[in-house]
Amino acid sequence: MRRIIVIIAVLTVGFVVSNPLAAGRATKNVDVGDDYFAPDSLTIKEDNRVRFTWVGENEHNVIREEGPRPYFESESVAGSGFTYTRKFKKPGRYTIGCFLHQDMDLFLRVKKRRN
Ligand SMILES: [Cu+2]
């Protein structure tokens with residue numbers, strides 16, 4: 001019985017150390033293209049990050065259109081290679097857009113972390 005408990009404890013520690021979600025450091029990637037977000041819907045856990053990477057040629061930015069406060073807005077940049085990373089601390093449903101292109105939408109769901 002004691003051996004089983006030790007094995008479970010070792011497995012649990014290994015899971016927490018190796019699982020970035022458990023550590024609260026997961027980052028999901030979203031491309032910012034002409035004129036789209038890819039993917040255009042995404043679910044993450046609270047305190048995880050989204051890294052936006054510009055992959056097109058035209059000018060875009062990343063803004064919070066709807067969802068929990070505070071408002072946020074990236075720089076507006078043309079060309080590829082720029083990145084903007086944001087940590088989402090508040091659970092809820094966000095609509096993220098581009099100030100210049102009304103049709104660009106990313107539907108982001110931030111799930112509450114279970115403790
Ligand atoms: Cu745009």
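Start by selecting Arg113, which sits in the segment after E8. Keep in mind as you click around that this is a predicted model.

Is Arg113 buried, exposed or partly exposed? Count the C-beta neighbours inside 10 Å and you get 13, so Arg113 falls in the partly exposed class, since buried takes 20 or more and exposed means 12 or fewer. Pro91 and Arg113 are 22 residues apart along the chain, yet their C-alpha atoms are 8.5 Å apart in space.

Next, step back to the sheet. Colour four strands in the order E3-E8-E7-E5, and you have an open sheet with mixed pairing. At the edges are E3 (41–45) and E5 (63–66), each pairing on one side only. Going from one strand to the next, the twist averages 35°.

Zoom in on E3 and E8. These two run parallel and are joined by five bridges.

Last stop: the largest nonpolar core, with 15 residues. Which of its residues touch the most other members? Select Val30, Val32 and Leu108 to see them. Strands E1 (27–33), E4 (48–54), E7 (92–97) and E8 (105–111) each give two or more residues to this core.

Finish on Val32. Leaving out residues up to four places away in sequence, Val32 touches a list of residues that includes Phe37, Phe52, Trp54, His60 and Val62.

Terms used
Residues are numbered from 1 along each chain as its sequence is written. This is a predicted model: local features need pLDDT of at least 70, side-chain atom pairs count only at pLDDT 80 or more; totals for chains, interfaces and linings use all residues. A nonpolar core is a set of buried Ala, Val, Leu, Ile, Met, Phe, Trp, Tyr and Cys residues joined through C-beta atoms within 7 Å. Two residues are in contact if their C-beta atoms, placed from the backbone, lie within 7 Å. Two strands pair if DSSP finds at least two bridges between them. Axes are lines fitted to C-alpha atoms, for helices over the stretch in contact, and angles run from 0 to 180 degrees between N-to-C directions.
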